[in-house]
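Biologist: Thanks for sitting down with me. Could we walk through this model together, one question at a time?

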Amino acid sequence: METAVRVVEFDEALDIVLQFAGGLKAPSTEILTLLDCEARVLAQTVVADRDQPPFDRSTRDGFAVRASEAIRGDGLTVIGQVRAGERWTGGTLRTGTAIEIMTGAPVPEGADAVVMVEHVERSGETIRLQEGRSLRGGENVVPRGAEARAGGVLLTEGTVLEAAEIALAAACGYSSLTVFRRPRVAIVATGDELVEVDQTPDEQQIRNSNSYGIAALVASAGGRPGRLEIARDLREELWERVAQGRMWDLLLFSGGVSMGQYDLVEEVLAEFDAEFFFTGVKMQPGKPVVFGRLPARQHPPNGTPEPECYFFGLPGNPVSTQVTFHCFVEPLLRAMGGAAVQGPKFVQATLEEDVAGKAGLMRILPARLTSGRVTPTVRLVGWQGSGDLAANARANCYAVLPPGRERFGAGDVITILLR
Ligand code: AMP
Ligand code: MG
């Protein structure tokens, strides 16, 4: 069966993916204890159960005072102390007095500022603001409710839960959270040349490394990977894998999508009435990447219902596989897992060297971002082309070189794709 060819610009491919990502329906949910929520997607709101902070909180060790008295240079009598976890029970602060206070303790009523312990002279029970020091009303105090109001929504559905969000949920008293179930992703490696990782390849054979790489990418994008058996470049075997894999939430192929005589993945998908949103992208590496959807159907007519299933055909060369995953699969997969729709992780860095562009193609090349500097710089990793797994592992990002420019110069700020 013939499939219509639709090779699109990189930006258009991304738009197409993000458009479908935005139209997905929310997955089902499960409840997890807070400790199991790392990297999961929130399926509820998180609401402040009380004002945060719940009291006017001192941010310093020092003395709770009236700022106006302290800046006049009056000596103030220290009449007591309040520690974190305690409350001052001696009533409103009287004129001419101060209360020693520790970081995190509630500021006593009547005090409107905390003067740092380092900023006062103390003699016996009297303190005085040091010469030349000033103090504003409210200084070193976070007023009750300034961070959040009781009942206020602090996290919304679709938020990815990392340390910041988990700590916030804990602060609001959540010991468990409702999260979305992770999508199940079927991975099918295709190719007559492939052997499994525990087999000894003949000289002309190669190990199926892509299934493992893709499984890792799926897991880190919030999916649950499953590797189906390798498919030879035979219609029957590919047909079986599609029939099996279409029951999963997402179906990923590696290889078999180029122009070769044995690249049969698209043909077989077409036999399942696949819609193809694109069959290639003007990029390097990754040009043969395919994105589409199998329609829901009942097959045979009184058989098991087969749900709608999105698929990607990723090029077999491992660097192409991983680059196209980051660009297109990751945004769709994250959205399938209930996360707010987001494109690939593009940021900017300064190029360290001159690099050639390529007319008509978006180049996305293995590169290394310097670490440990405030202004990141990036340089390409030498490579032997899109089969070079060793270079891909030496890289920690990809340099994005848009089409239409012959050269990118040292010192140019360019886009990089994080992974
Ligand atoms: P293809 O996209 O099927 O034309 O494959 C392109 C090249 O990618 C092949 O020549 C293989 O060297 C390599 N390749 C294909 N599948 C895999 C795989 N599962 N693991 C590692 N390399 C692969
Ligand atoms: Mg192949």
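**Around the ligand**

Modeller: Gladly, and let's start at the ligand: an oxygen atom of ligand 1 lies 2.8 Å from a backbone N or O atom of glycine 256. Please keep in mind that this is a predicted model.

Biologist: What share of the area that ligand 1 exposes when taken alone does the protein bury?

Modeller: Taken alone, ligand 1 exposes 480 Å². The part of that area buried by the protein is 78%.

Biologist: How many residues surround ligand 1?

Modeller: The closest ones are Asn208, Asn210, Gly256, Gly316 and Asn317. Counting the whole surrounding set gives 17 residues.

Biologist: How far is a polar backbone atom of asparagine 210 from a nitrogen atom of ligand 1?

Modeller: For serine 209, a backbone N or O atom lies 3.2 Å from a nitrogen atom of the ligand. For asparagine 210, the distance from a polar backbone atom to a ligand nitrogen is 3.1 Å.

Biologist: On to the cysteines. How many disulfides does the count come to?

Modeller: A disulfide needs two cysteine sulfur atoms within 2.5 Å. By this rule the count is zero.

Biologist: And which cysteine has the sulfur nearest to that of cysteine 37?

Modeller: Cysteine 37 is buried, because its relative accessible area is 0%. Cysteine 37 takes part in no disulfide, and the nearest cysteine sulfur, 14 Å away, belongs to cysteine 172.

Biologist: Is glycine 280 buried or exposed?

Modeller: Glycine 280 sits in strand 20, residues 280-281. Beyond its neighbours within four places in sequence, glycine 280 contacts Arg6, Val7, Val8, Lys287, Pro288 and Val289. Its relative accessible area is 1%, so glycine 280 counts as buried.

Biologist: Which residue in strand 29 is the bridge partner of threonine 350?

Modeller: Strand 26 (residues 346-351) runs parallel to strand 29 (residues 377-380), joined by two bridges. With strand 32 (residues 413-418), strand 26 instead pairs in the antiparallel sense over five bridges, and there phenylalanine 346 is partnered by leucine 417. In strand 29, the partner of threonine 350 is threonine 377.

Biologist: Now arginine 122: which backbone oxygen does its side chain reach?

Modeller: Arginine 122 is placed in strand 9, residues 120-123. Its relative accessible area of 39% is why arginine 122 counts as partly exposed. Leaving out neighbours within four places in sequence, its contacts are Phe63, Val78, Glu100 and Ile127. At 3.1 Å, the side chain of arginine 122 reaches the backbone oxygen of glycine 124.

Biologist: How far apart in space are arginine 122 and aspartate 192, C-alpha to C-alpha?

Modeller: In sequence, arginine 122 and aspartate 192 are 70 residues apart. In space, the C-alpha to C-alpha distance is 84 Å.

Biologist: What is omega, roughly, for the cis peptide bond joining glutamine 284 and proline 285?

Modeller: Proline 285 lies in the loop between strand 21 (283-284) and strand 22 (290-294). The omega of this cis bond is about -5°.

Biologist: Last one: what value is phi of aspartate 273 near?

Modeller: Aspartate 273 is in the loop between helix 6 (265-271) and strand 19 (275-278). With a relative accessible area of 49%, aspartate 273 is partly exposed. Its phi is positive in a residue other than glycine, near 65°.

Technical notes. Residues numbered from 1 in each chain as written. Chains lettered and ligands numbered in written order. Predicted model: local features only at pLDDT ≥ 70, side-chain atom pairs only at ≥ 80, totals over all residues. Heavy atoms only, no water. Helix = DSSP H or I, 4+ residues; strand = E, 2+ residues; numbered from the N terminus. Buried < 20%, exposed > 50% of the residue type's maximum accessible area, 1.4 Å probe, protein only. Contact = heavy atoms within 4.5 Å. Pairing = 2+ DSSP bridges. Near = heavy atom within 4 Å. Polar contact = N/O pair within 3.5 Å; in protein donor to acceptor, adjacent residues only side chain to side chain. Areas by Shrake-Rupley, 256 points an atom, 1.4 Å probe, with all protein chains shown as cover.
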